[in-house]
Amino acid sequence: MSDIKNLELEIDELLKRGVGEFIDPDGSFKQKLLKKARGEYTKPIVIKFGVDPTRPDIHLGHAVVFRKLRKFQELGCKVIFLVGDYTAQIGDPTGKSKVRPEIDQAAVVENMKTYLDQIDSILLTDARVFSWIRNSDWFTAITDLTVNDPRLSITDNNDPQKHIEVDGNSFIGKAAVFESTRMQITDLKMRENVSVITMRNLLWTLRKITHSQLIERDMFQQRIKNNEELYMHEMMYPVLQGIDSSVLHAIYGSCDLEVGGTDQTFNMLMGRTVMKNNMPPQEPQAVLSFKLLEGLDGKEKMSKSLNNYIGITDEPSDMYGKVMSIPDTSVLNYFELCTFTPTDELEDIKKDLADKDLNPKILKMKLAKQIVAIYHGQLAADKAEENFNNTFKKGGIPENVESAEVEKGTMLVDVLLAEKIIASKTEWRRLLDEGAVTEMILDTQVSDPFQKIEQDGVYKIGKRRFLKIVVK
């Protein structure tokens, strides 16, 4: 009995901790999860996580979701990693005040590969509990293809030993390429009922969705209020995401839950609408939205485009230093979303942060060490903490400082710009005005904006940036 109670508590925490909203109106998903964990539910429980592969690096914000998905896998669920390579070319306007640019398909493919190379550090990736698929698999029509090879050799269906040469851009040639590149066929070994979304499918879906349903989205309302353009392809994005869920249901037998950030709630709820309106109707997915992890600025959500992120592949010392730079107001949220700290300890941390006699840096160091240990191991975390103490408490130089070889007489500002240590000459002058540039070996402050490199040196720029310069 105690084991069942513990299981219920574990699932309750899974569905509540770090969660913005959990929408499961009849409680069916939670019941399936309990039964699956007890071995009483034999059907697959499929969880969809959609990825827009416009940026390849996985940061702590992504990892919040992935670590939650790992917990679902351990309870017997199967995670479907939906790579939105087709919809990425449209761009979900979520959280953006302006239209997102389209992305080249070759860049999507390369970014997707990088994503897949990184996720197995967090998720289980065996076929029993994990699968991935591109949504171009069903949104791309045969006639959309452009075949580079002018002539193709295809197998004669009546005689497998015989090959026929056809024009690559003829309908037959495109059909052959289409079949050989569908993941439903090549990876999932489906030969029948391969899902393809046609204009007819799309229009049928749209017959059940009103303009008022789409326009009620907060972000669209804000665009209208600000007299900014709102394009039809952007309004279509939630519908296409909903169709993804319906197609996954057809391919994998169900789509029981979709997860994403709170900025994705509207899109995920559209999935429920599309699934209910399907013919025949499909059991609508539950929706779980996660609290968004703010970035290093403590304001905007963590994002590579805003350069306020901590990558899961960052070097241990760099990761540690970045965590130490977050504002005090973000410490509790980072403990909740980025670590395995028990819930009751989170309450203690909250009280400690309210205690004016306690230096928040102590909690930050504990937080930084835990996060580095999760992605690099305990030994690396210990070393990162030691390196931080030597550098920032004792005024030392960190290990493994980036270095650059330059010609004697090169201006320091040009080196820092070339190495991307600073973003502009405006930032350079601001740093000099603040007295934030120091040559560490000679222990001298740099004040001349036109200073030239005459000898080897190690420069500290701001609080955490270092560069070793070697004269050729």
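Predicted model: local features only at pLDDT ≥ 70, side-chain atom pairs only at ≥ 80, totals over all residues.
Leaving aside its neighbours within four places in sequence, which residues is Glu427 in contact with?

Residues are numbered from 1 along each chain as its sequence is written, and side-chain values use heavy atoms, with hydrogens and water left out.

Back to Glu427. Its contacts beyond those neighbours are Ile422 and Arg465, where contact means heavy atoms within 4.5 Å. Glu427 sits in helix α19, residues 425–433. Helices here are DSSP runs of H or I with at least four residues, strands are runs of E with at least two, and both are numbered from the N terminus. Glu427 counts as buried because its relative accessibility is 14%; buried means under 20% relative accessible area, exposed over 50%, and partly exposed in between, with a 1.4 Å probe and protein chains only.

Helix α19 lies across β10, β12 and β13 (465–471), and runs at about 75 degrees to β10. For such angles, axes are lines fitted to C-alpha atoms, for helices over the stretch in contact, and the angle between N-to-C directions runs from 0 to 180 degrees.

Those strands belong to an open sheet of five, ordered β9-β13-β12-β10-β11, with mixed pairing. Two strands pair if DSSP finds at least two bridges between them. At the edges stand β9 (403–406) and β11 (444–445); each has a single partner strand, so one side of each has no neighbour in the sheet. Inside the sheet, β10 (residues 437–439) and β12 (residues 457–461) run antiparallel and are joined by three bridges. Thr438 has Lys460 in β12 as its bridge partner.

Next, the other sheet. Six strands form it, in the order β1-β8-β7-β2-β3-β4; this sheet is also open, and its pairing is mixed. Its edge strands, β1 (19–23) and β4 (130–134), each pair on one side only. On average, and ignoring direction, neighbouring strands of this sheet are turned by 20 degrees against each other. Strands β2 (residues 46–51) and β3 (residues 78–83) run parallel, with six bridges between them. Phe49 stands opposite Phe81 in β3.

How many aromatic pairs does a search of the whole structure find? The search finds eight. Rings of Phe, Tyr and Trp, the last by its six-membered ring, pair if their centres lie within 6.5 Å; planes under 30 degrees apart count as stacked, over 60 as edge-to-face, and the rest as tilted. Phe49 and Phe66 make an edge-to-face pair, at 5.3 Å centre to centre and 85 degrees between the planes. The two lie 17 residues apart and link distant parts of the chain, with Phe49 in strand β2 and Phe66 in helix α3 (residues 60–74). Phe49 is buried at 7% relative accessible area, and Phe66 is buried at 1%.

Another pair is Tyr320 with Phe388: the ring centres are 5.3 Å apart and the planes are at 50 degrees, so this pair is tilted. Tyr320 is in helix α13 (residues 316–324) and Phe388 in helix α17 (residues 378–393), 68 residues apart. Both Tyr320 and Phe388 are buried. Ring pairs also link Phe49, Phe66, Phe81 and Phe130 into a cluster.

Now a helix pair. Two packed helices are described by the angle between their axes and the distance between the axes. Helix α8 (residues 199–206) packs against helix α11 (residues 232–252) at about 110 degrees, with the axes 11 Å apart. The two are therefore roughly perpendicular; angles of 65 to 115 degrees count as such, under 35 as roughly parallel, over 145 as roughly antiparallel, and the rest as oblique. On the α8 side the contact is made by Leu202, Thr205 and Leu206, and on the α11 side by Met236, Val239, Leu240 and Ile243.

Last, the backbone. Most residues other than glycine have a negative phi, and most peptide bonds are trans. Met279 and Pro280 are joined by a cis peptide bond, with omega about -5 degrees. Pro280 is in the loop between α12 (265–277) and β8 (286–290). Asn227, not a glycine, has a positive phi of about 55 degrees. This residue, Asn227, is exposed at 73% relative accessible area.
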